[in-house]
Amino acid sequence: MTPDAIRNIVGIIGNVLTFGLFVSPMPTFYKIWKRKDLEDFSPIPYLATLLNCALWVFYGMPFVHPKSLLIVTINGFGLVVEAFYIIMCFIYSKRKLRMKMLGIFLVELVFMVIVILVVMLAFHTHELRTKFVGSLCVIFGAIMYGSPLSVMRLVIRTKSVKYMPFFLSLAGFLNGIDWTIYGFIHFDIFVVLPNGIGSLLGLAQLILYGCYYKSTPKEEEVRPKAELELPTASSSV
């Protein structure tokens, strides 16, 4: 089997795992839809993931980084899903939060337009375009790691894994491992770096789960804000 064939198989598996991470917030949004109220959930993680997906879709374009179809497909799907989550947040939030969401979205839109113009007008080779867009993907992907770190601090403080679902942590770990392997087959530092970090964070979450599972109370009265939830796809490419 050729390296390209192996890479495609690994990429397809990665697409399946990342798909699971993208749709994992669906139960939360079903509850929001039933209650017709966003309550104390925050749209910020979904706005951050929207920008991350947009950058990765642009990174995978043939005129930026050729032969990256699997990166485009999964992040294109993620872009649609995150847009759905954000629309739901917008519909069921109060006016003040709506204005904040709209402002953040417009900033992200302007940012993406600037990135596209700079790449197309200032960089004229695949190598330069890959380095520029890939660096942005790594930077903004790293910002998203703040969410799982917050959850991990919460687990240590409360000695409870109630707000860190095991299967979501496991999926995040496997997703990071898979895309790291994908990036190593035809070495791509911009895929390896964020997903390598993501897999280490996933492993750390699993270790914490093992440490604090037995000490987790069956019922807790306090529910943390959504900023403390795991991100939609902390290690997706």
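Does lysine 67 count as buried or exposed, and at what relative accessibility? Lysine 67 counts as exposed, at 76% relative accessibility (exposed means over 50% relative accessible area, buried under 20%, and partly exposed in between, with a 1.4 Å probe and protein chains only). This is a predicted model, in which local features need pLDDT of at least 70 and side-chain atom pairs count only at pLDDT 80 or more, while totals for chains, interfaces and linings use all residues. Residues are numbered from 1 along each chain as its sequence is written, and side-chain values use heavy atoms, with hydrogens and water left out.

**The chain as a whole**

- The protein chain has nine helices and zero strands (DSSP runs numbered from the N terminus: H or I of at least four residues for helices, E of at least two for strands).
- Of its 237 residues, 47% count as buried.
- The protein chain exposes about 12,300 Å², and carbon and sulfur atoms supply 74% of that area (areas come from the Shrake-Rupley method with a 1.4 Å probe; for residues, only the protein chains shown count as cover).
- Among contacts between residues at least 6 apart in sequence, 84% join residues at least 24 apart (a contact means heavy atoms within 4.5 Å).

**Helix α1 with helix α8**

- Two packed helices are described by the angle between their axes and the distance between the axes.
- Helix α1 (residues 3-23) packs against helix α8 (residues 166-185) at an angle of about 155°, with the axes 9 Å apart (axes are lines fitted to C-alpha atoms, for helices over the stretch in contact, and angles run from 0 to 180 degrees between N-to-C directions).
- α1 and α8 are therefore roughly antiparallel to each other (angles over 145 degrees count as roughly antiparallel, under 35 as roughly parallel, 65 to 115 as roughly perpendicular, and the rest as oblique).
- The crossing of α1 and α8 is left-handed (the near helix is turned anticlockwise from the far one by less than a right angle).
- By class, this contact of α1 with α8 has 13 nonpolar, six polar and two charged residues (Ala, Val, Leu, Ile, Met, Phe, Trp, Tyr, Cys and Pro count as nonpolar, Asp, Glu, Lys and Arg as charged, and the others, Gly among them, as polar).
- The α1 residues that meet α8 include Ile6, Val10 and Leu17, and those of α8 include Leu168, Trp179 and Tyr182.

- The axes of α1 and helix α4 (residues 69-91) come within 9 Å and cross at roughly 5°.
- α1 and α4 are therefore roughly parallel to each other.
- Their contact includes Asn15, Phe19 and Phe22 of α1 and Phe77, Val81 and Tyr85 of α4.
- The residues of the contact of α1 with α4 divide into nine nonpolar, seven polar and one charged.
- Helix α3 (residues 44-59) and α4 have axes that come within 8 Å and cross at roughly 155°.
- That makes α3 roughly antiparallel to α4.
- The contact of α3 with α4 has 15 nonpolar, four polar and one charged residues.

**Two lysines with positive phi**

- Most residues other than glycine have a negative phi.
- Lysine 67 has a positive phi, near 60°, and lies in the loop between α3 and α4.
- Lysine 159 has a positive phi, near 55°, and lies in the loop between α7 (146-158) and α8.
- At 46% relative accessibility, lysine 159 counts as partly exposed.
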